[in-house]
Amino acid sequence: MAVTSAGRAATTAHRLAQGRVSARVVADVLGLWRSLDPLRLVDPAWMGQVLTALARHRETSAELAASYYRDFRRAEVPAAAAFTPSAGLAGTSSPWRGRAVTSLRVTGTRLVARLILGGWDPARALDKAGPGVAAASSRHVLDAGREYVQTALRADPVARGWLRVTGADPCSFCAMLASRGATGKPVLYRSERSATTSSKTGEEYHDGCHCQAEPVFGPVVLPEASQRFAALWETSTEGLSGKAARNAFRRAYNAARRG
Ligand SMILES: [Zn+2]
């Protein structure tokens, strides 16, 4: 968590702004999704329209992240020498298009084709897949902002690492990652592990995930939510390790979330 109140306010405002971008992506992509003919799934024009929409929203996400990084840094380390990350960090140069096409096929057209083969009514199959397509699209857009922050961190001489800041209602997986506190400067991985998570930065951002990265410049203070997750991890996983601990945490977290 930011050390200054201005830093904290910047992180919250940034997370909410990226959430609004995500909502616009979901609305746009669902609109395009409904226009797809379920009996003509291999439609290059449709894919092109989605990619164009994603590219536009990615630009917004990266711009928001750039002004966030600048404001946050100014609040947290006002005395540090000015630092301008090289422009266009998360822009068109990154191979996001190929990754997005894969995701859209996995969550969208391939799923619909499989459902129809399994006897589903085509229109219902399209409805069923829609939310997954929207969540994947949102991830590919928010990744632009996250990549900006992570790339800037890596190059920033006074940045020490980063913290995961969760959205309003994170899943147990994200809560677990957030509870672990700060991570050092990210390492860039070359390979992608799956079509439904972003692991480029070595940390997972899955479809529908509203987590953001907050730079760490000074002492590490966990955000309040992450402190709660860490306390729950302590109590729920006592005497356990590895997978058993993760499962115990997930059960405790989901029970608390329902209650
Ligand atoms: Zn998350």
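These legends go with several close-up views of the predicted model shown above.

**View 1. The whole chain, to get your bearings.** Residue numbers start from 1 along each chain, following the sequence as written. Because this is a predicted model, local features need pLDDT of at least 70 and side-chain atom pairs count only at pLDDT 80 or more, while totals for chains, interfaces and linings use all residues. The protein chain has seven helices and five strands; both are DSSP runs numbered from the N terminus, with helices being H or I of at least four residues and strands being E of at least two. Walk along the sequence and the pattern is α-α-α-α-β-α-β-β-β-β-α-α. Of the 259 residues in the protein chain, 37% are buried. Here, "buried" is 20 or more other C-beta atoms within 10 Å of a residue's own, "exposed" is 12 or fewer, and "partly exposed" is in between, with C-beta atoms placed from the backbone. Take the contacts between residues at least 6 apart in sequence, and 76% of them join residues at least 24 apart; a contact is two C-beta atoms, placed from the backbone, within 7 Å.

**View 2. The open sheet of three strands.** The strand order is β2-β1-β5, with antiparallel pairing. At the edges sit β2 (183-184) and β5 (212-216), each pairing on one side only. Strands count as paired if DSSP finds at least two bridges between them. β1 (residues 161-165) has five bridges to β5 and two to β2.

**View 3. Helix α4, end to end.** Helix α4 covers residues 122-155, and its 34 residues should span 50 Å at 1.5 Å a residue; the end C-alpha atoms are 49 Å apart, which agrees. That expected span is 1.5 Å times one less than the number of residues. There is a bend of about 35 degrees at Ala129, and Pro131 follows within four residues. The bend is the angle between axes fitted to the seven residues ending at a position and the seven starting there. α4 is mostly covered, with 24 of its 34 residues buried.

**View 4. Where α2 meets α4.** The axes of helix α2 (residues 44-76) and α4 come within 8 Å and cross at roughly 30 degrees. These axes are lines fitted to C-alpha atoms over the stretch in contact, and angles run from 0 to 180 degrees between N-to-C directions. On the α2 side, the residues in contact include Leu54, His57 and Tyr69; on the α4 side, they include His140, Leu142 and Tyr148.

**View 5. Gly98 in helix α3.** Gly98 sits in α3 (residues 96-117). With 10 C-beta neighbours inside 10 Å, Gly98 counts as exposed. Leu51 is 47 residues away along the chain, and its C-alpha atom is separated from that of Gly98 by 9.9 Å.
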